[in-house]
Amino acid sequence: MTEKDGVNSAYVAGFDVADLKSLDSDALKVAGMGYKQDLRRNYTVLSVLGVGFSLTNSWWGISAALITGIKSGGPVLIVYGIILLTLISTCVGITLSELASAYPNAGGQYFWASELAPRRYANFASYLTGCTIHPWHVFVGYQITNIFCFLFNCYGRTLPALGQITLWTSLVSFFVILIAVPAKAPTHQHAKFVFANFANETGWSQNGIAFIVGLINTNWAFACLDCATHLSEEIHRPEKMIPVAILGTVAIGFVTSWTYSVAIFFSMTNQDLSETPTEVPLLALFDQALNSKAGAIVLEALVIATGIGCLIASHTWQSRLCWSFARDHGLPFSSFFAKVDRRLNVPIRAHAMSCIIVAIVGCLYLGAYTAFNSMVTACIVLLYISYSIPVICLLTRGRNNIPHGPFWMGPIGLLSNIVLLLWTCFTLIMYSFPSAMPVEPGNMNYVSAVYGILVLIIIADWFLRGRHHYRGQVQRHDETVVIVGAGVQEKIMHEMH
């Protein structure tokens with residue numbers, strides 16, 4: 001059998017059919033979706049929650065917004081923006097959880113798009129989804145941290161424990177700062193400042209626009225909620241455990257980020273922290289509150305430790321996504337990047353490539369700081385777009401026309417799908433606005449240019465390479481039937497749901 005028959009003979013030959021009977025139920029589910037169980041299932045639900053929350057890390061993500069948000073909405077932006085984004089992120093979490101429960105696959109969004117889209121468009125929809133993510137002191141620190149996190153992700157056996165460690169590091173740091181800063185602050189702001197003070201120093205004449213353009217900083221507190229889905233093949237019973245990790249991340253994120261923000265705003269003595277000798281506004285805030293440089297450094301060290309945990313989780317997330325996309329030939333040289341190091345239990349080649357890309361993107365910070373910020377903005381919106389593509393396919397196909405997983409919310413799930421699509425359209429437009437007026441080269445938002453360049457790259461790669469080699473819905477289903485047999489495949493999918 002050859003690829004002309006719609007089946008990749010090399011892939012089928014690489015699958016040990018004789019071992020099918022010895023596979024456990026989780027590995028059989030992976031086989032039923034057309035894949036081999038390449039990674040060991042070392043993660044527990046707490047480990048996956050640890051990685052997921054360590055990446056999202058809402059209270060840590062809001063730390064920068066506490067300072068930048070003062071000029072673009074003030075405390076009102078943060079306090080109420082967190083509530084708004086929690087509601088939206090809950091809808092996003094429910095949407096991702098339903099899909100992860102129905103189709104627990106490390107590919108996440110791009111696999112769901114492939115399964116749910118009409119056959120005629122399935123390959124391109126899946127491919128499109130998979131493709132969408134002094135200064136020199138900062139630059140050197142960026143690259144050193146990138147290498148540091150790369151090394152941490154090279155040993156698969158330690159990653160589940162590391163996920164729990166980073167989770168507890170974040171929570172302990174949060175509680176220490178939450179208690180220490182308000183307790184030691186010499187004075188406290190009144191409630192009106194925290195809950196009703198709106199500031200607009202953006203240059204925008206409309207306060208509503210100022211609020212919206214500042215909202216992108218708060219949005220980072222709930223970014224990357226799909227992280228847990230890409231660990232679906234490294235945890236037992238993923239159809240039940242992944243939704244727990246996703247919604248647990250949203251819940252912990254809201255509690256930590258909102259209480260943290262309120263505590264910090266009550267403890268502020270000087271609202272203008274944008275100009276400090278250290279160029280680290282949060283460190284200046286800690287110094288104000290504690291009146292102790294040593295204490296401020298300790299608290300800042302906790303923030304940095306939490307941030308390192310976030311970056312380690314980010315490398316775990318991006319390596320799994322890169323690897324899963326490569327095994328379906330979604331990347332150039334996919335056969336090289338789809339390999340898993342059996343000794344390390346890590347897709348080391350995909351991990352190395354993603355780290356190299358991170359290092360290259362970091363070079364923008366030196367040459368074009370504005371372009372770097374535009375890339376950061378694009379990351380948020382492109383994530384929402386990657387969530388929206390499989391949702392559009394789901395609604396087009398019909399929510400009741402797919403096998404449901406154990407986590408299925410019915411009408412609430414439908415409402416969540418709609419909210420996600422509306423929010424994606426909103427961010428695509430409003431997050432393209434410049435952050436300040438009047439517009440100058442230094443504050444221009446070039447995110448629209450990023451979208452345009454990315455679309456050109458995706459379309460060019462699709463027509464030159466992707467459409468000829470990408471392993472999409474039809475080919476994967478045909479290979480699955482050859483590997484496990486039609487009857488076994490149907491039984492696997494039935495038992496999974």
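Tutor: Happy to! One term comes up throughout: a residue is buried if its relative accessible area is under 20%, exposed if the value is over 50%, and partly exposed in between. Please also keep in mind that this is a predicted model.

Let's begin with the aromatic rings, which form 19 pairs. In one of them, the ring centres of tryptophan 59 and phenylalanine 174 are 6.3 Å apart, and the pair is tilted because the planes meet at 45°. Phenylalanine 174 has a relative accessible area of 3%, so it is buried, and tryptophan 59 is buried too, at 0%. Tyrosine 127 and tyrosine 470 make an edge-to-face pair, with 5.9 Å from centre to centre and 75° between the planes. Tyrosine 127 is buried at 1% relative accessibility, and tyrosine 470 is buried at 4%. These two tyrosines belong to one aromatic cluster, together with Tyr110, Phe124, Phe325 and Trp462.

In soluble globular proteins, nonpolar side chains tend to be buried together. Here the largest nonpolar core has 116 residues, and Ile177, Tyr260, Phe265 and Phe286 are the members that touch the most others. Helix α5, residues 74-102, is the top contributor to this core, giving 12 residues. Another core, of 5 residues, lies apart from it and includes Ile209, Ile212, Val213 and Met430.

Side chains of opposite charge can pair when their charged atoms come close. The structure holds 8 salt bridges. In one of them, arginine 327 meets glutamate 233, with the closest N and O atoms 2.5 Å apart. The partners are 94 residues apart: arginine 327 is in helix α14 (residues 293-327), while glutamate 233 is in the loop between α11 and α12. Arginine 327 is buried, with 9% relative accessible area, and glutamate 233 is buried at 2%.

Aspartate 328 forms a salt bridge with arginine 471, at 2.8 Å between the closest N and O atoms. Aspartate 328 is in the loop between α14 and α15 and arginine 471 in the loop between α19 and α20, so the pair ties together parts 143 residues apart in sequence. Aspartate 328 is buried at 0% relative accessible area, and arginine 471 is buried at 1%.

For contrast, look at the salt bridge of arginine 342 with aspartate 38, where the closest N and O atoms are 3.2 Å apart. Aspartate 38 is buried at 15%, whereas arginine 342 is exposed at 51%.

Key:
Residues numbered from 1 in each chain as written. Predicted model: local features only at pLDDT ≥ 70, side-chain atom pairs only at ≥ 80, totals over all residues. Heavy atoms only, no water. Salt bridge = Lys/Arg side-chain N within 4 Å of Asp/Glu carboxyl O. Buried < 20%, exposed > 50% of the residue type's maximum accessible area, 1.4 Å probe, protein only. Helix = DSSP H or I, 4+ residues; strand = E, 2+ residues; numbered from the N terminus. Phe/Tyr/Trp six-rings, centres within 6.5 Å; stacked < 30°, edge-to-face > 60°. Core = buried A, V, L, I, M, F, W, Y, C linked by side-chain atoms within 4.5 Å.
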